[in-house]
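Student: Hi! Could you walk me through this structure before I set up my own calculations?

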Amino acid sequence: MNAKEDLEFAKEHRIAPGKRPNLKKLDTKVRGPFDDKDDAKAFTAETNHKIRDLQYRMFVEEKQSLLVVLQAPDAAGKDGLIRKVLGQMNPQGCRTYPFKVPTKEERAHDFLWRIHRCTPAAGKVSVFNRSHYEDVLVVRVNDLVPKRVWKDRYKIINDFEHMLAEAGTRILKFYLHISPEEQLERFKKRLDNPDKHWKLNTGDYAARDQWDQYREAYEDAIEQCNTDHAPWHVIPADHKWYRDASVAAIVYDTFLSMDPQLPPVDVDLDEIRSLYQREAAELGKASSS
Ligand code: ADP
């Protein structure tokens, strides 16, 4: 249990700044220190509670904020991770923002316009289900803008994230790393389950044909936009339980290092106590008469 408690196991998924990750080589089936699925699920449940406590502190402290960016191939489990870990935070201070194909209005602005308005205010958490990285991923792979346009975006993204960090936002970026075999298995499960048929889409299969182009685009994005204040993690995601446990560990560890504090007490506690005692005594009198 010690190895799990000290959260060390998840740290290996942090990509060192300046290093190009080799996604073909990075294992998608890691099991970490867990005996089995139930062991990992128990760890995640316990860690979720601890995350909630610290998130509450950050919410009332109102000084810092957290931005979690999720990127992944289809069926890698962004939705499941949100449901089981990130969405377990108190919704008063946490919101998820999905970024889809830009609308006409969004396209009429710079690519960060729709992103910036969803970044977290002091005390809050924003979870991005896809993000500004789509503008150097799908946009690049599908030639939606010329190369000279997307090439400049890495620097623009770094400057943007630097600005957010300067304003007190901690940024965590996760790439959920799934194998093509596991993805196909999940597509089959969707096909076999009528409740999941709404998720089916031929585009998912088209993206499989572009697996290598996406891999290269992800490797570039992670290599070029990976800083101390906005680190990338490559999370092995073939085992859903490991995906959840490792992200929970990293989020919790980040909250610990942010060390949010409850606001100082600026009332006279003795005065509040005597006000309480007076009210309680009056209530006692009223109920006994
Ligand atoms: P998800 O797969 O995230 O659950 P959808 O099935 O609705 O949600 O897919 C959203 C789609 O929007 C993805 O195919 C993604 O590539 C696309 N998308 C997101 N941002 C952009 C962008 N900036 N430009 C083009 N397409 C984008």
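Tutor: Happy to; we can go from the overall chain to the ligand, then to a pocket and a few single residues.

Student: What should I know about the model and the numbering?

Tutor: This is a predicted model, where local features need pLDDT of at least 70, side-chain atom pairs count only at pLDDT 80 or more, and totals for chains, interfaces and linings use all residues. Residues are numbered from 1 along each chain as its sequence is written, and side-chain values use heavy atoms, with hydrogens and water left out.

Student: How many helices and strands are in the protein chain?

Tutor: The protein chain has 12 helices and 5 strands. Both are DSSP runs numbered from the N terminus, helices being H or I with at least four residues and strands E with at least two. Its C-alpha atoms fill a box of roughly 80 × 45 × 40 Å along the principal axes.

Student: And what share of the residues is buried?

Tutor: Of the 289 residues in the protein chain, 45% are buried. Buried means under 20% relative accessible area, exposed means over 50%, and partly exposed lies in between, with a 1.4 Å probe and protein chains only.

Student: On to the ligand. Which residues are closest?

Tutor: The ligand is surrounded by 14 residues, and K78, K100, V101, R114 and R130 are the closest. By type, the shell divides into 6 nonpolar, 1 polar and 7 charged residues. Here Ala, Val, Leu, Ile, Met, Phe, Trp, Tyr, Cys and Pro count as nonpolar, Asp, Glu, Lys and Arg as charged, and the others, Gly among them, as polar.

Student: Which ligand atoms do R114, R130 and D135 reach?

Tutor: R130 puts a polar side-chain atom 2.6 Å from an oxygen atom of the ligand. R114 has one 3.1 Å from a ligand nitrogen atom, and D135 has one 3.3 Å from a ligand nitrogen atom. The protein buries 74% of the 570 Å² that the ligand exposes when taken alone; those areas come from the Shrake-Rupley method with a 1.4 Å probe.

Student: Back to R130: where does R130 lie?

Tutor: R130 lies in the loop between β3 (125–129) and α6 (138–141). Its phi is near 70°, a positive value in a residue other than glycine. R130 is partly exposed, because its relative accessible area is 23%.

Student: What about D259, buried or exposed or in between?

Tutor: D259 is partly exposed, at 46% relative accessible area. D259 lies in the loop between α11 and α12 (269–288), and has a positive phi of about 50° although it is not a glycine.

Student: Switching topic, what lines the second largest pocket?

Tutor: The second largest pocket is lined by 15 residues, with L172, H233, I250, D253 and T254 nearest its centre. The lining divides into 7 nonpolar, 3 polar and 5 charged residues. On a 1 Å grid over the protein atoms alone, a pocket is an open set of points where a 1.4 Å probe fits, with protein on both sides within 12 Å along at least five of seven lines, and lining residues have an atom within 4 Å of a point.

Student: Last one: is I51 buried or exposed?

Tutor: I51 counts as buried, because its relative accessibility is 2%. I51 lies in helix α2 (residues 37–61).

Conventions: A residue is near a molecule or strand if one of its heavy atoms lies within 4 Å of it. A polar contact is a pair of N or O atoms within 3.5 Å; within protein, one must be able to donate a hydrogen and the other to accept it, and residues adjacent in sequence count only if both atoms are side-chain atoms.
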